[in-house]
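The exercises below are to be worked through with the sequence and the 3D view side by side. Each task is followed by a solution in steps.

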Amino acid sequence: MGVALGLCPRDKLFRGYIDLEIQLREFERCRILYEKYLEFGSENCVTWIRFAELETVLGDIDRARAIYELAVNQQRLDMPEVLWKSYIDFETLQGETEKARKLYERLLERTNHFKVWMSYAQFEASSEEEGIDNISVARRVFERGNEALRRGGTPEEREGILQAWCRFEEEYGDEDSKAKVKNMLPRRIKKRVPYTSENGRDKGWEEKIDYIFPEDDAARPNLKLLETAKAWKKRKLEES
């Protein structure tokens with residue numbers, strides 16, 4: 001099989017060889033095989049995860065953590081969300097709450113996906129750190145997520161984080177916090193808009209949903225006032 005790997009390295013061959021060495025309890029050879037496997041396909045997240053899991057089972061936590069670190073810093077990954085989740089779960093199972101928290105923060109530097117914000121808030125809500133008000137910390141994550149998606153997310157994603165926040169408040173909040181978040185939910189307005197083909201010809205009408213967020217409506221008068229003030233200042237500068 002070793003000759004086969006050298007001549008034609010394939011996923012199935014690597015997995016078969018690794019499984020055989022595990023059965024023989026040749027763990028050092030397993031490590032060598034995983035390293036070769038990852039030279040062949042460094043974008044393969046499942047391989048990185050299995051390598052780290054092997055080290056975890058063998059009790060070498062530092063080596064497992066180092067493998068995860070190497071993995072998340074690869075330029076190309078086929079399933080990065082699965083890899084990051086596995087790394088966070090690993091630190092959580094080790095009781096390393098602060099390390100897991102830092103991983104969420106690092107992940108949010110790379111993506112603004114609403115499901116990451118939801119997972120982060122759920123993580124904080126289930127945290128059992130002494131001296132920490134985990135519900136308040138989780139609520140703050142929802143607030144940050146809503147603001148981040150307000151600036152750079154789609155209306156659907158923003159509605160998704162608000163719906164998750166509502167469910168959170170139903171479980172942990174009081175009447176005031178429940179009402180506050182419910183009042184932030186958007187109204188959906190259906191409207192028909194014309195659409196055209198790629199060559200510019202009319203194709204008819206399609207239904208579109210607009211999301212009207214109360215927060216945005218409340219901010220509009222202030223934005224209008226700011227624009228008026230800027231225009232007045234510009235006019236004064238031109239006159240002087």
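**Exercise 1.** Does Arg101 count as buried or exposed?

*Solution.* The model is predicted, so local features need pLDDT of at least 70 and side-chain atom pairs count only at pLDDT 80 or more, while totals for chains, interfaces and linings use all residues. Residues are numbered from 1 along each chain as its sequence is written, and side-chain values use heavy atoms, with hydrogens and water left out. Arg101 lies in helix 7 (residues 97–110), helices being DSSP runs of H or I with at least four residues, numbered from the N terminus. Its relative accessibility is 14%, and therefore Arg101 counts as buried (under 20% relative accessible area, with exposed over 50% and partly exposed in between, for a 1.4 Å probe and protein chains only).

**Exercise 2.** Which side chains make polar contacts with the side chain of Arg101?

*Solution.* The side chain of Arg101 makes a polar contact of 2.6 Å with that of Glu98, and another polar contact of 2.6 Å joins Arg101 to the side chain of Glu124 (a pair of N or O atoms within 3.5 Å; within protein, one must be able to donate a hydrogen and the other to accept it, and residues adjacent in sequence count only if both atoms are side-chain atoms).

**Exercise 3.** What span should helix 4 (residues 45–57) have, at 1.5 Å a residue?

*Solution.* The expected span is 1.5 Å times one less than the number of residues. For the 13 residues of helix 4 this gives 18 Å, which agrees with its end C-alpha atoms, 18 Å apart. After helix 4 comes Gly59, with a positive phi near 85°.

Conventions:
Helices (H or I, at least four residues) and strands (E, at least two) are DSSP runs, numbered from the N terminus.
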